[in-house]
Amino acid sequence: MIKLLASDLDGTIIDNNNQVTKDDLNVIEKLNNTTVNFAICTGKTYSMTKDICDKLNPTYGIFGNGTQIVNLKTGEEIKRNVISNEKAIECLKIVSNSDLHIHIYTENKIIAQQQLKYMAYRNYMLYKDQVQFEVVESLENYIKEKKPNILKLVISGEKDLKKLKEKIEKEEDLTAIQIRKYNEYKDKIINQEYEYLDIVPRHVTKYDALKQLSQYLNIQNDEVMAVGDNVNDIEMIKYAGVGVAIGGSYEEVKGVASYVTQNTVRNGGFAEAVYKFIKL
């Protein structure tokens, strides 16, 4: 019996036009009237997702790929992890002489160095009415002066970031999730191909956060269902007793899922998964 359903947002419930299908909205309404704990599990920060949280009405939220776990009914912050200012500055120094784009996420701001590009620009297009955006000449100086609580740091560019990922994880003891947006996974919001590193504290991932939430609720992993589409969903899908990849997911995600929906995010893949595994 499923007691906890954790779902990614982008590409799983929210499509490229930032819309949710009627089928998914209907099944979520039914789900919220059961005893199943519904949790969204996203790389976005809490401030970026407040509107969609109000719309979907989940009980729990895992944000920033695991940097925050929040009880959305009570407002209780169950867990918070931040990148130290010192480690963030060291990451900035590693890429200081490159053409890579850098931005950071705080509680209610996205701060970019010199301009909005790639993921920062995508988020601006989607969330400019919900989140404050700031462009600074030097992120290093900003961090030294403001001493912000950094939930995550993102490095973007049009080159292979695998070696940079390895360097940051080895030298700075952080977790760097590499996501490529090429070919069929091209970023259609800004009509551009690129890849990026989502950098968070060590041992902070959707998997770690889902495991922590399960323990908090005293739920075993075989009572958990996880749904996603992107590479940052792989470990949580493997952890869950029922791991689902939405149709159109990255091939690596499909490879670890126990079920792949026939429908994509655009025609109710999430609803298909819920109806298959949860009695409503």
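Reader: Why is Gly61 called buried?

Author: This is a predicted model, and in it Gly61 has a relative accessible area of 0%. Buried means under 20%. The value falls under that cut-off, so Gly61 counts as buried.

Reader: Where is Gly61, and what does Gly61 touch?

Author: Gly61 sits in strand E3. Leaving out residues up to four places away in sequence, Gly61 touches Ile40, Gln68, Ile69, Val70 and Leu72. A contact needs heavy atoms within 4.5 Å. Asp173 is another matter: its C-alpha is 25 Å from that of Gly61, and the two are 112 residues apart in sequence.

Reader: How do you know that the chain agrees with a compact globule?

Author: Take the radius of gyration. A compact globule of 280 residues would have one near 19 Å. The chain has 18 Å, and therefore agrees. Along the principal axes, the C-alpha atoms fill a box of roughly 55 × 40 × 35 Å. Buried residues make up 56% of the 280 residues.

Reader: What share of the contacts joins residues 24 or more positions apart?

Author: The share is 61%, counted among contacts with a separation of 6 or more. As for elements, the chain has 10 helices and 14 strands.

Reader: Which residues of helix H2 are buried?

Author: H2 covers residues 46-56. Its buried residues are Ser47, Met48, Thr49, Ile52, Cys53 and Leu56. An α-helix has 3.6 residues a turn, so residues three or four places apart point the same way.

Reader: What do the buried residues of H2 pack against?

Author: They pack against helices H1 (22-31) and H4 (118-127). They also pack against strands E2 (37-41), E3 (60-63), E6 (101-105) and E7 (109-113). E3 is the strand that holds Gly61. Just after H2, Asn57 takes a positive phi of about 60 degrees.

Reader: What makes a set of residues a nonpolar core?

Author: The members are buried residues of nonpolar kinds, joined through side-chain atoms within 4.5 Å. The largest such core has 38 residues. Leu4, Ile62, Leu210, Leu213 and Val224 touch the most other members. Leu210 touches Leu4, Ala6, Ile62, Val224, Ala226, Met236 and Tyr239, not counting residues up to four places away in sequence. Apart from this core lies another, of 30 residues, among them Leu56, Val244, Ile246 and Val274. Leu56 is also one of the buried residues of H2.

Reader: How many side chains are positive, and how many negative?

Author: There are 37 positive and 40 negative side chains. The centres of the two sets lie 1 Å apart. The chain exposes about 12,700 Å², and carbon and sulfur atoms supply 41% of it.

Terms used
Residues are numbered from 1 along each chain as its sequence is written. This is a predicted model: local features need pLDDT of at least 70, side-chain atom pairs count only at pLDDT 80 or more; totals for chains, interfaces and linings use all residues. Side-chain values use heavy atoms; hydrogens and water are left out. Helices (H or I, at least four residues) and strands (E, at least two) are DSSP runs, numbered from the N terminus. The radius of gyration is taken over C-alpha atoms; the globule rule is 2.2 Å times the number of residues to the power 0.38. Buried means under 20% relative accessible area, exposed over 50%, partly exposed in between (1.4 Å probe, protein chains only). Accessible areas come from the Shrake-Rupley method with a 1.4 Å probe; for residues, only the protein chains shown count as cover. Lys and Arg count as positive and Asp and Glu as negative; His and the chain ends are not counted. The place of a charge is taken as NZ of Lys, CZ of Arg, CG of Asp or CD of Glu.
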